[in-house]
Amino acid sequence: MSYALQAGSIPTDGPFLRNHSVPHPKPEISETPAAAPVNRPAAQTDPEFAPLPFNPYKGNRGVTRAWHALKNSINGFVVAIREESAFRQELTLAAVLVPGGVLLPVPPVYHVLLVGTVLLVLIVELLNSSVEAAIDRISLERHELSKRAKDFGSAAVTVALLICALTWGWLAVPVMVNWLR
(Lines give C-alpha, C1' and ligand atoms only; values in the text may rest on other atoms or scores of the structure.)
Protein backbone atom coordinates (compact mmCIF):
# COMPACT_ATOMS: atom_id res chain seq x y z
CA MET A 1 0.00 0.00 0.00
CA SER A 2 1.16 3.49 -0.68
CA TYR A 3 0.75 5.83 2.24
CA ALA A 4 1.96 8.98 0.50
CA LEU A 5 -0.28 11.92 1.29
CA GLN A 6 -1.81 13.79 -1.60
CA ALA A 7 -2.58 17.49 -1.18
CA GLY A 8 -5.78 17.73 0.83
CA SER A 9 -6.15 13.99 1.44
CA ILE A 10 -6.48 12.38 4.83
CA PRO A 11 -5.54 8.71 5.18
CA THR A 12 -8.21 6.53 6.75
CA ASP A 13 -6.10 3.42 7.21
CA GLY A 14 -2.50 2.31 7.38
CA PRO A 15 0.27 2.43 9.95
CA PHE A 16 -0.14 6.15 10.63
CA LEU A 17 -3.57 5.69 12.16
CA ARG A 18 -3.17 2.46 14.11
CA ASN A 19 -4.55 2.68 17.65
CA HIS A 20 -6.46 5.86 16.80
CA SER A 21 -10.18 6.40 17.02
CA VAL A 22 -10.80 6.85 13.28
CA PRO A 23 -13.35 4.19 12.28
CA HIS A 24 -12.28 1.86 9.51
CA PRO A 25 -14.78 1.09 6.77
CA LYS A 26 -16.45 -2.25 7.39
CA PRO A 27 -16.55 -4.72 4.53
CA GLU A 28 -19.91 -5.14 2.92
CA ILE A 29 -21.40 -8.59 3.44
CA SER A 30 -22.87 -10.00 0.29
CA GLU A 31 -25.68 -12.53 0.20
CA THR A 32 -24.29 -14.12 -2.98
CA PRO A 33 -21.46 -16.61 -2.73
CA ALA A 34 -18.00 -15.29 -3.60
CA ALA A 35 -16.51 -16.18 -6.95
CA ALA A 36 -13.54 -18.52 -7.01
CA PRO A 37 -10.25 -16.64 -6.62
CA VAL A 38 -8.32 -16.02 -9.80
CA ASN A 39 -4.59 -16.75 -9.72
CA ARG A 40 -2.83 -13.50 -10.54
CA PRO A 41 0.70 -12.33 -9.78
CA ALA A 42 0.99 -10.47 -6.48
CA ALA A 43 1.90 -7.23 -8.29
CA GLN A 44 -1.51 -7.20 -9.99
CA THR A 45 -3.59 -8.00 -6.92
CA ASP A 46 -1.74 -6.35 -4.04
CA PRO A 47 -0.51 -2.76 -4.38
CA GLU A 48 2.08 -3.49 -1.67
CA PHE A 49 4.00 -5.63 -4.19
CA ALA A 50 3.55 -3.27 -7.14
CA PRO A 51 6.76 -2.02 -8.74
CA LEU A 52 8.20 1.09 -7.16
CA PRO A 53 8.14 4.33 -9.15
CA PHE A 54 11.31 5.32 -10.99
CA ASN A 55 13.92 6.87 -8.72
CA PRO A 56 16.49 9.01 -10.58
CA TYR A 57 18.98 8.52 -7.73
CA LYS A 58 18.98 4.72 -8.11
CA GLY A 59 19.90 4.53 -11.79
CA ASN A 60 23.42 3.12 -11.40
CA ARG A 61 24.13 -0.58 -11.76
CA GLY A 62 27.11 -2.87 -11.28
CA VAL A 63 30.57 -1.37 -10.87
CA THR A 64 29.24 2.18 -11.30
CA ARG A 65 26.87 1.69 -8.38
CA ALA A 66 29.70 0.27 -6.24
CA TRP A 67 31.95 3.20 -7.20
CA HIS A 68 29.30 5.76 -6.21
CA ALA A 69 28.60 3.86 -2.98
CA LEU A 70 32.33 3.94 -2.13
CA LYS A 71 32.46 7.70 -2.78
CA ASN A 72 29.41 8.22 -0.54
CA SER A 73 30.98 6.08 2.19
CA ILE A 74 34.24 8.04 2.09
CA ASN A 75 32.24 11.26 2.23
CA GLY A 76 30.40 9.90 5.28
CA PHE A 77 33.69 9.17 7.05
CA VAL A 78 35.04 12.63 6.23
CA VAL A 79 31.90 14.34 7.52
CA ALA A 80 31.85 12.18 10.67
CA ILE A 81 35.49 12.99 11.41
CA ARG A 82 34.99 16.69 10.73
CA GLU A 83 31.63 17.18 12.49
CA GLU A 84 31.23 14.52 15.20
CA SER A 85 33.50 14.86 18.24
CA ALA A 86 32.30 11.55 19.72
CA PHE A 87 33.29 9.75 16.51
CA ARG A 88 36.73 11.41 16.61
CA GLN A 89 37.21 10.26 20.22
CA GLU A 90 36.17 6.70 19.39
CA LEU A 91 38.35 6.71 16.27
CA THR A 92 41.33 7.76 18.41
CA LEU A 93 40.54 4.91 20.80
CA ALA A 94 40.30 2.55 17.83
CA ALA A 95 43.70 3.73 16.55
CA VAL A 96 45.19 2.45 19.82
CA LEU A 97 43.05 -0.64 20.42
CA VAL A 98 42.95 -2.17 16.92
CA PRO A 99 46.75 -2.58 16.62
CA GLY A 100 46.79 -3.83 20.22
CA GLY A 101 44.07 -6.35 19.44
CA VAL A 102 46.01 -7.58 16.41
CA LEU A 103 49.41 -7.78 18.14
CA LEU A 104 48.39 -9.39 21.44
CA PRO A 105 49.55 -13.01 21.73
CA VAL A 106 46.07 -14.55 21.95
CA PRO A 107 44.19 -17.17 19.90
CA PRO A 108 42.89 -15.98 16.50
CA VAL A 109 39.26 -15.88 17.64
CA TYR A 110 40.30 -13.43 20.39
CA HIS A 111 41.84 -11.15 17.75
CA VAL A 112 38.51 -11.14 15.90
CA LEU A 113 36.56 -10.39 19.07
CA LEU A 114 38.90 -7.63 20.24
CA VAL A 115 39.04 -5.84 16.89
CA GLY A 116 35.37 -6.56 16.11
CA THR A 117 34.06 -4.94 19.27
CA VAL A 118 36.08 -1.79 18.57
CA LEU A 119 34.69 -1.66 15.02
CA LEU A 120 31.19 -2.26 16.44
CA VAL A 121 31.52 0.92 18.49
CA LEU A 122 32.44 2.89 15.36
CA ILE A 123 29.53 1.41 13.40
CA VAL A 124 26.98 2.18 16.11
CA GLU A 125 28.34 5.71 16.50
CA LEU A 126 27.96 6.31 12.75
CA LEU A 127 24.37 5.04 12.90
CA ASN A 128 23.67 7.23 15.94
CA SER A 129 25.09 10.26 14.13
CA SER A 130 22.91 9.53 11.10
CA VAL A 131 19.77 9.33 13.29
CA GLU A 132 20.69 12.62 14.95
CA ALA A 133 21.31 14.29 11.59
CA ALA A 134 17.97 13.05 10.24
CA ILE A 135 16.13 14.29 13.34
CA ASP A 136 17.85 17.69 13.09
CA ARG A 137 16.97 17.83 9.37
CA ILE A 138 13.29 17.36 10.21
CA SER A 139 13.23 20.05 12.89
CA LEU A 140 15.52 21.69 15.42
CA GLU A 141 12.66 22.41 17.82
CA ARG A 142 12.45 20.30 20.95
CA HIS A 143 10.03 17.42 20.70
CA GLU A 144 9.56 14.37 22.90
CA LEU A 145 9.82 11.90 19.99
CA SER A 146 12.99 13.56 18.69
CA LYS A 147 14.51 13.37 22.17
CA ARG A 148 13.49 9.73 22.46
CA ALA A 149 15.07 8.82 19.10
CA LYS A 150 18.32 10.54 20.03
CA ASP A 151 18.32 8.91 23.46
CA PHE A 152 17.85 5.48 21.88
CA GLY A 153 20.85 6.12 19.63
CA SER A 154 22.93 7.23 22.59
CA ALA A 155 21.90 4.14 24.55
CA ALA A 156 22.96 1.94 21.60
CA VAL A 157 26.42 3.57 21.62
CA THR A 158 26.67 3.00 25.38
CA VAL A 159 25.79 -0.68 24.97
CA ALA A 160 28.44 -1.04 22.23
CA LEU A 161 31.02 0.64 24.46
CA LEU A 162 30.12 -1.69 27.35
CA ILE A 163 30.45 -4.74 25.10
CA CYS A 164 33.85 -3.47 23.96
CA ALA A 165 35.04 -2.79 27.51
CA LEU A 166 33.85 -6.18 28.78
CA THR A 167 35.43 -8.03 25.86
CA TRP A 168 38.75 -6.27 26.32
CA GLY A 169 38.53 -6.77 30.09
CA TRP A 170 37.94 -10.52 29.79
CA LEU A 171 40.29 -11.28 26.90
CA ALA A 172 43.12 -8.73 26.89
CA VAL A 173 43.60 -7.74 30.53
CA PRO A 174 44.68 -11.24 31.71
CA VAL A 175 47.31 -11.33 28.94
CA MET A 176 48.63 -7.91 29.92
CA VAL A 177 48.70 -8.86 33.63
CA ASN A 178 50.79 -11.92 32.75
CA TRP A 179 53.23 -9.70 30.83
CA LEU A 180 53.70 -7.49 33.90
CA ARG A 181 54.57 -10.44 36.16
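The expected span of a helix is taken as 1.5 Å times one less than its number of residues. In the predicted model examined here, helix α5 has 28 residues and reaches 40 Å from its first C-alpha to its last, which is close to the 40 Å expected at 1.5 Å a residue. The protein to which this helix belongs has 6 helices and 0 strands, so that, as helices and strands are assigned from DSSP runs, its elements read α-α-α-α-α-α from the N terminus on.

Of the 181 residues of the protein, 17% count as buried. The protein exposes about 14700 Å², and carbon and sulfur atoms supply 65% of that area. Among the contacts with a separation of 6 or more, 58% are accounted for by residues 24 or more positions apart.

In soluble globular proteins, nonpolar side chains tend to be buried together. The largest nonpolar core in this model has 18 residues, and those with the most contacts inside it are Leu 104, Val 106, Leu 114, Val 118, Cys 164, Trp 168 and Ala 172. Two or more residues are given to this core by each of the elements α3 (85-103), α4 (108-138) and α5 (144-171). When residues up to four places away in sequence are not counted, Val 106 touches His 111, Leu 114, Leu 171 and Val 175.

Within α5, the buried residues are Ser 146, Gly 153, Val 157, Ala 160, Cys 164, Thr 167, Trp 168 and Leu 171, and the buried residues of this helix pack against α3, α4 and α6. An α-helix has 3.6 residues a turn, so residues three or four places apart point the same way. Thr 167, which is placed in helix α5, counts as buried because its relative accessibility is 14%, where buried means under 20%. With residues up to four places away in sequence again left out, Thr 167 touches Leu 113, Leu 114, Thr 117 and Ala 172.

Side chains of opposite charge can pair when their charged atoms come close. The count comes to 3 salt bridges in this model. In one of them, Lys 150 is joined to Asp 136, with the closest N and O atoms 2.6 Å apart; because Lys 150 lies in helix α5 and Asp 136 in helix α4, the pair ties together parts that are 14 residues apart in sequence. Lys 150 is partly exposed, with a relative accessible area of 25%, and Asp 136 likewise counts as partly exposed, at 33% relative accessibility. Another salt bridge is formed where the side chains of Lys 147 and Asp 151 meet, at 2.6 Å from N to O. Both Lys 147 and Asp 151 lie in helix α5, 4 residues apart, or about one turn of the helix. Lys 147 is partly exposed at 46% relative accessibility, as is Asp 151 at 39%. A salt bridge is also found between the side chains of Glu 83 and Arg 82, at 3.3 Å from N to O, and both Glu 83 and Arg 82 are exposed.

Terms used: Residues numbered from 1 in each chain as written. Predicted model: local features only at pLDDT ≥ 70, side-chain atom pairs only at ≥ 80, totals over all residues. Heavy atoms only, no water. Core = buried A, V, L, I, M, F, W, Y, C linked by side-chain atoms within 4.5 Å. Buried < 20%, exposed > 50% of the residue type's maximum accessible area, 1.4 Å probe, protein only. Contact = heavy atoms within 4.5 Å. Areas by Shrake-Rupley, 256 points an atom, 1.4 Å probe, with all protein chains shown as cover. Salt bridge = Lys/Arg side-chain N within 4 Å of Asp/Glu carboxyl O.
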